[in-house]
Amino acid sequence: MTGARHGTTVAGDLDLAAGWYIAARADTVRRRPVPLDLFGRQLVAWRDGTGRAVLMPRHCAHLGASLALGKVVDGCLRCPFHHWRYDATGTCVDIPGATGLTRTARLRTYPLRERHGYLWAWYGGPRPAYELPEVPALDTPERYLTYRFRHSTPASPRRVLENAFDFYHFMTLHQVRSREPVELDLLDDPSEAADNGPPIPAEAWIGARLRSRGLHVPAPIRALGLRTDTFSLLVDGWPGGQRLTFYLDGRMVAKELLGVTPVAAGRTVMQGWTLVPRSGFLPRDLTLLLMYRAQHWQGTREDLAVYRHAADVDTPVPVRYDRSVLRFRRFWAGWVDRAEATEAATAPAGAA
Amino acid sequence: MHRSDEGAAAPNGMSGLAASWYVAMPSARLRRRPVPVRLFGADLVAWRGMAGRAVVAARYCPHQGASLAIGAVVDGCLRCPFHGWRFEPSGECAHIPGTDRIPSTARLATYPVQERYGYVWVWFGGGQPLFDLPDFPALGEHRHRYAGFRYTDVTAGTARQLIENAVDYFHFLTLHGLQLDPLEFRVLDDPAEAGDNGTPIDADAFFGAWLDGTVPSYRWWRSPARWLLHTAATYGSGRRFQLLVDGWPGGQRFTGYIDGREVYKVLLALVPTDERRTTQVGWALVRRTGRPWRTLLNLLLLYGQSRGGTWQDIPIYDTTEATGGGFHVPYDRGVLKFRRQYQHWVERAAQPARGTAEVQS
């Protein structure tokens, strides 16, 4: 195997868990190949003859030219330099001027799913350990008002995803005021998160319910007629993404899909969908959507400011309320180990 | 030739660069004032000493590190703007205001320099040049036989990649779309075989190749694009396309023939700024035909070919993973042979500088 250095950045730098991540918005990959920085690697995304997206290392197994400058010809990605062609499995199926070779050049491909307007890539070896979790609400978008969000941050994917499990910061950073403090219960069984969607396989799953009673609603919002006592949030997910449902007084008011794009060490994109259910009365729904969006924007702004200036602390000072965050980190670390083992056994390029 | 016989160790910020002659800048850019130069991954300064001789040296004053590039040239010496120390073209410190004793460590590392064909050439690889800068008679004693132009292209490719490109004949067919059938490609063993390019290059530093192919005859009304490409490639004067390439690790000379008659010559040299920043500079010349309009047409065609080809090559240079690839096929033999020889010269550049060790403080 001579191409072992191909497109590699030490995965350890990234401390990335094995899982499904958003590679790109699906509509950014069209007929032409697109260079993509993901997992700290230089990759290329393209679509084969049937329109199916493919994600593979960017540089040709021959002399390392960028396949992102290439062209899709007869459903294969053709290198611009010597016209080697790769099919959707990463196998080099044509080398002009060198027919009859007994060996075949190969580039790895990343398992890919196209769903909810995103391309989701599996990180951690050639075979996904489980299927991409479902978000049924996004399969019936006509029932919701929706918007997409997208933010870049230097924070690690872990920090972005553990944030929902850090219930204490809702009171301090986001200043949620209520009669009783926000509390968080870690869920024991994936079926407890049924409101978010079908259960995620238990070993890849972590979930929690956050609740706050006697919510203090600011006067201007109360004046709009919104009187509410209990706020709760159901969050569950896999390493790489989260599904969230928000409730006021037990009634679902919004849903979210949060996906993470690990671009490189120190560069993460958090993106996804927000959904507000349609009640049939558009002015009310629009008001709710705007209010939701405003608090989402404000909350994200506050989080991003912390992310921007944070450093990872190796041995954080333990406090009681960090139990759920530490639990998330153990969950994450287990999948980091799995990613390291499976990625080490996966050559980016090689011969067969 | 002006040589630094006892310069301090020359800065070397590039581990993958072969010992060789390279271009630092066009001669015209170097006038009375010192000029900052970024070369070999290091910060250098160039100036003209007595009799206008070009000098290339480390940029920072050994005293307190001020940039000599904002100094002045006084009596052929480079004067530091900060405390007025003066350095000779040899790198030696000639004068320190306020003291009579000049410490032996007060010296600049300098590089062997030559000026030729409108460029300032610098030897990289520590100490004395291991071979002479190859000549190019088309710009020397035969200059009157040619008409041409200079070119400059900045790339993010490595120096090796830019030289290797001419040896990678297969990319002429794929990237550049040339049809050559039959096609013969041969790596040359003997520098004398490239005599048309100039005086034979030192065998140790020489790498040469010969490409000989015939283009199919296209009918312009059937496939106009191909007809145009191939007619231009053969200067509309034949179907046999031959290319003689030879060079040293830092540059190449080319002669192009159509139906056995010489049509053009190219001299290619490199400015290795950093590991992933290399400028190719050179001369492209057509042989004068005796008919001015024909010479002009050939010149235009050469210009189109040179610029068109570079326009296709540069995006590849800019985005190739330097350490990438590794799956080779039979037609890569020439490239691999070139790489082995290149590596030999990389190792020679890494060896401790010959004849300078004793000068180290």
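Which strands of chain B does α4(B) lie across? The helix α4(B) lies across β12, β17 and β18 (277-287) of chain B, and runs at about 15 degrees to β12(B). Keep in mind as you look around that this is a predicted model. Let's start with the sheet under discussion, then visit the contact between the chains, some hairpins, and the confidence of the prediction.

**The seven-stranded sheet of chain B**
- In chain B, seven strands form an open sheet with antiparallel pairing, and their order is β12-β18-β17-β16-β15-β14-β13.
- The edges are taken by β12 (146-155) and β13 (183-188) of chain B; each has a single partner strand, so one side of each has no neighbour in the sheet.
- On average, neighbouring strands of this sheet are turned by 15 degrees against each other, direction ignored.
- Within the sheet, β16 (residues 251-258) and β17 (residues 261-274) of chain B pair in the antiparallel sense over eight bridges.
- If you want a pair to find on screen, Ile258(B) stands opposite Arg261(B) in β17(B).

**Where the chains touch**
- Contacts link 17 residues of chain B with 26 residues of chain A.
- On the chain B side, α2 (170-174) and α4 (292-319) each supply at least two of the touching residues.
- That side of chain B is made up of eight nonpolar residues, eight polar ones and one charged.

**A hairpin in chain B**
- Strands β2 (residues 35-39) and β3 (residues 42-48) of chain B run antiparallel and are joined by five bridges.
- Val37(B) has Leu44(B) as its bridge partner in β3(B).
- Two residues separate the strands of this hairpin, and Phe40(B) in the turn has a positive phi of about 60 degrees.

**Two hairpins in chain A**
- Eight bridges pair β16 (residues 241-248) with β17 (residues 251-264) of chain A in the antiparallel sense, and here Tyr247(A) stands opposite Met252(A).
- Their hairpin has two residues between the strands, with Asp249(A) in the turn at a positive phi of about 50 degrees.
- β17(A) is also joined by nine bridges to β18 (residues 267-277) of chain A, again antiparallel, and Gly259(A) stands opposite Gln271(A).
- This hairpin too has two residues between its strands, and Gly266(A) in the turn has a positive phi of about 80 degrees.

- Chain A has a mean pLDDT of 91, with 96% of its residues at 70 or more.
- Over residues 1-12 of chain A, however, the pLDDT is below 50, although the stretch has 37 contacts in the model beyond near neighbours in sequence.
- Where pLDDT is low, the predicted coordinates should not be read in detail.

Key:
Residues are numbered from 1 along each chain as its sequence is written. Chains are lettered from A and ligands numbered from 1 in the order in which they are written. This is a predicted model: local features need pLDDT of at least 70, side-chain atom pairs count only at pLDDT 80 or more; totals for chains, interfaces and linings use all residues. Two strands pair if DSSP finds at least two bridges between them. Helices (H or I, at least four residues) and strands (E, at least two) are DSSP runs, numbered from the N terminus. pLDDT is the predictor's confidence in each residue, from 0 to 100. Two residues are in contact if their C-beta atoms, placed from the backbone, lie within 7 Å. Ala, Val, Leu, Ile, Met, Phe, Trp, Tyr, Cys and Pro count as nonpolar, Asp, Glu, Lys and Arg as charged, and the others, Gly among them, as polar. Axes are lines fitted to C-alpha atoms, for helices over the stretch in contact, and angles run from 0 to 180 degrees between N-to-C directions.
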